[in-house]
Number of protein chains: 2
Amino acid sequence: MARVVLGLIGFGTVGSGVVQLLAQQKSLRLKKIAVKDLKRERPIQATCPLTENVSEIIDDPEIEIVIEAMGGEHEALDYLRRALEKRKHIVTANKEVLAKYGPELFALAREKGVAIFFEASVAGGIPLISTISKGLEANDISSVTGILNGTTNFILSSMESNGQSYDEALAKAQELGFAEADPTNDVDGFDVAYKLSILSALAHERFIKPESIFREGIRNVTAEDIASARNFGYRIKLVGTSRFSEDGKCDVRVHPMFVPLSHPLASVSGSNNGILVQGHAVGEILMVGPGAGSLPTASAVVGDTINLASALQLPDFATYFQPAIKSEWGAVVNPGSWSCPFFLQITVNDSPGVIGQIGTIFGSHKISLASIVQKGTKEKHADVVIVTQASPEETVRKAIEEMKKCAFFEKLKSCFRIFEKVE
Amino acid sequence: MARVVLGLIGFGTVGSGVVQLLAQQKSLRLKKIAVKDLKRERPIQATCPLTENVSEIIDDPEIEIVIEAMGGEHEALDYLRRALEKRKHIVTANKEVLAKYGPELFALAREKGVAIFFEASVAGGIPLISTISKGLEANDISSVTGILNGTTNFILSSMESNGQSYDEALAKAQELGFAEADPTNDVDGFDVAYKLSILSALAHERFIKPESIFREGIRNVTAEDIASARNFGYRIKLVGTSRFSEDGKCDVRVHPMFVPLSHPLASVSGSNNGILVQGHAVGEILMVGPGAGSLPTASAVVGDTINLASALQLPDFATYFQPAIKSEWGAVVNPGSWSCPFFLQITVNDSPGVIGQIGTIFGSHKISLASIVQKGTKEKHADVVIVTQASPEETVRKAIEEMKKCAFFEKLKSCFRIFEKVE
């Protein structure tokens, strides 16, 4: 069969991996690579000409598939739009552009009769996208949840295993190339929010506007929090969730959580990702693997390219490969309605009856407590650890506000959601 | 688009789940179900006529896809052959028939230009087959390893969590329907061997004759072994492995192993399966989920059917969906060449110098020891626990034989392979 001709935009970390893996694929021919600066040093030798003019790829009638591995937002969006207009099929790793402009791009692809493959945009090398869209085809997916960012998982793992502070662990991650100089995108949960938007589109047919996703990062997680978690049988993970609710809306959120040590997600360590998919027929599936890195991400990009190229041999294949994604954005539920157990640590004046007062406040909000433990007293100050049963966030917030008004209350030292099975 | 017409053979546990899930699929029409005995009570109502005559399905020109969910060997094989001869596409959950007659059946499918889909034959609801064949398309798969049998994992999990003996745990599993009246197929590792043959075909292009697969079951695992494992930081799991070796042969084997508690496989509990796939680009992927059960297995069968039916809309699709599987059987390596650390517990006469003698014997076979610990002495008998570094099996066997000849040696109480990262 004729070799399918490809153009690649971007020759950085992911692009280099792609070039390396494509060299082993006899049915594919990489014709040209577009780069920002021809003079830059590359970690590997290109196997085809480079150009600074991306039009040489987008306007080349021989090129059938454009692989976008440049990342970033506006420029990449412009190239993807132009490539789709020219009826090129797309393989992309760009979660930010898909999350922000997915409805428009998929509508354009449908109009032009071409396909967008995006396995690499979520969870790096883990074939999560194909699992949801093909492997679990017979299932209604009710939720996708888990660890979707390798950088923050690496930082949290280092904090625990090396007893480091957040700043120390971040510095180490930056030194090793796991975190960027400006870590905002990872540590504040933007990256996970983009991925959740994409996963929502696959599982629930609609992208979610990233700015409407409830988002808390890991900047405020302290070494003491990590130690507390451990003492109570948990490990802190940055967990992202997209859960379909009955009214057709989604609960989409990313925040740190206490994961029970016995739960498989707790053993997802270092820069790995781990994702739980809940389907009505299959129950729960867990996938764990490298969420980033040059070759793992390239593995997803090139896997997509091979599958797409074989499919191109089939006439009228585009319908078959177009995921059922609506052109409208999805709606999200009020994040306060989310229900889970909470772990709270507060500092109090150690006066008699404090535990009783706390119990009464939570009781008046109809929150059942799983445990309430007073830790060692020091000069009339004591720490109290409260673990609630699953309760709506907004109710727990109200109970906390009420405690703050009490004479015994000094400080809310920590407040974490506890991970439970998501249905 | 026209509804694709299906016939189903078998209306037991898996078949009932299939009927249930197909009812939700508007693009598929189940026309007839073949059963052994029309009078038998069914857990659910059929949505179409039943027949005792399977030819009414195989010979019906309107039926495009035959779903085989009857299980067993000779009769199922006969039906599959006849269906392929009639150019029906096949969806099957039958690991035994695929493992034993895979080369013949896939050759016949190729000759007739039809496809065999078999996601449900391995790891129940986990989309492992599509992950290896499509999701990790850009990878050379070097090994597939893990927990592939839910029944034995359930028994081993119960033994640990309830302190039961093997017989007690088996009886409980039978009572709950997780084990069959004759448990041979599961507990002696045949079921895993069949699955390994299929996984070898996907990962290494050749089925492996089940009888050439090295196989040890869990019948001899004692409550004491489970406790020893726990004391030393391990958990016993029945692990199946297919590993590609450099000479084009495969190391294919199933036996109990000590899995370190910190390894994600150790947290795969109850009747779940957990599989590690090693690809040259992606590194390691872990998938965990329900390995059996009516709806999970049906989820895989119906997922296959939907994907196959959509593909049928495309002309000439069969080439695209035929996995690259050779018609010859694959060759296996000598199982003694497998190398891993070993955990040995032996009873000795407690005389001075025993540890030194043991150390010398292992040293003379070039086996490095990770630790050697003497457990409490009782009336001049003591237990010695030896943990070796990774060493070839045949060498460890020789060292054991040599110890058996020594005056100090009384009994080999246990001998387990320790799970390490498989490359």
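Helices (H or I, at least four residues) and strands (E, at least two) are DSSP runs, numbered from the N terminus. The legends below describe a predicted model, in which local features need pLDDT of at least 70 and side-chain atom pairs count only at pLDDT 80 or more, while totals for chains, interfaces and linings use all residues. Residues are numbered from 1 along each chain as its sequence is written, chains are lettered from A and ligands numbered from 1 in the order in which they are written, and side-chain values use heavy atoms, with hydrogens and water left out.

**View 1**
Leaving aside residues up to four places away in sequence, A:Glu393 touches A:Phe214, A:Arg253, A:Pro335, A:Gly336, A:Trp338, A:Phe342 and A:Arg417, where contact means heavy atoms within 4.5 Å.

**View 2. The contact of helix 3 with helix 4 in chain A.**
The axes of helix 3 (residues 74–85) and helix 4 (residues 95–112) of chain A come within 10 Å and cross at roughly 10°; axes are lines fitted to C-alpha atoms, for helices over the stretch in contact, and angles run from 0 to 180 degrees between N-to-C directions. The two helices of chain A are therefore roughly parallel to each other (angles under 35 degrees count as roughly parallel, over 145 as roughly antiparallel, 65 to 115 as roughly perpendicular and the rest as oblique). From helix 3 of chain A, the residues A:His74, A:Ala76, A:Leu77, A:Leu80, A:Arg81, A:Leu84 and A:Glu85 meet A:Val97, A:Tyr101, A:Glu104, A:Leu105, A:Leu108, A:Ala109 and A:Lys112 of helix 4 of chain A. The residues of this contact divide into nine nonpolar, one polar and four charged, with Ala, Val, Leu, Ile, Met, Phe, Trp, Tyr, Cys and Pro counted as nonpolar, Asp, Glu, Lys and Arg as charged, and the others, Gly among them, as polar.

**View 3. The open six-stranded sheet of chain A and the helix across it.**
Six strands of chain A form an open sheet in the order 3-2-1-4-5-6, with parallel pairing, two strands being paired if DSSP finds at least two bridges between them. Strand 3 (50–51) and strand 6 (116–117) of chain A are the edge strands, each pairing on one side only. Strand 1 (residues 4–9) and strand 4 (residues 65–68) of chain A pair in the parallel sense over four bridges, and A:Leu6 stands opposite A:Ile65 in strand 4 of chain A. Helix 11 (residues 294–312) of chain A lies across strand 1, strand 2 (28–34), strand 4, strand 5 (89–92) and strand 6 of chain A, and runs at about 160° to strand 5 of chain A.

**View 4. The open six-stranded sheet of chain B.**
In chain B an open sheet of six strands has the order 3-2-1-4-5-6, with parallel pairing. Strand 3 (50–51) and strand 6 (116–117) of chain B stand at the edges with a single partner strand each, so one side of each is left without a neighbour in the sheet. Strand 2 (residues 28–34) of chain B pairs with strand 3 of chain B in the parallel sense over two bridges, and B:Ile33 stands opposite B:Leu50 in strand 3 of chain B.

**View 5. Strand 16 of chain B and its antiparallel partners.**
Strand 16 (residues 381–388) of chain B is mostly covered, seven of its eight residues being buried. Strand 14 (residues 342–349) of chain B pairs with strand 16 of chain B in the antiparallel sense over seven bridges, and B:Val348 stands opposite B:Ala382 in strand 16 of chain B. Eight bridges join strand 15 of chain B to strand 16 of chain B, which run antiparallel, and B:Lys375 stands opposite B:Asp383 in strand 16 of chain B. In the hairpin of strands 15 and 16 of chain B, with two residues between the strands, B:Glu379 takes a positive phi near 45°. B:Lys378 lies in strand 15 (residues 369–378) of chain B and, at 65% relative accessibility, counts as exposed.

**View 6. The cysteine A:Cys415.**
A search of the whole structure finds zero disulfides over all chains, a disulfide being a pair of cysteine sulfur atoms within 2.5 Å. A:Cys415 is in no disulfide, and the nearest cysteine sulfur, that of A:Cys340, is 8.9 Å away. At 23% relative accessibility, A:Cys415 counts as partly exposed.

Technical notes
Buried < 20%, exposed > 50% of the residue type's maximum accessible area, 1.4 Å probe, protein only.
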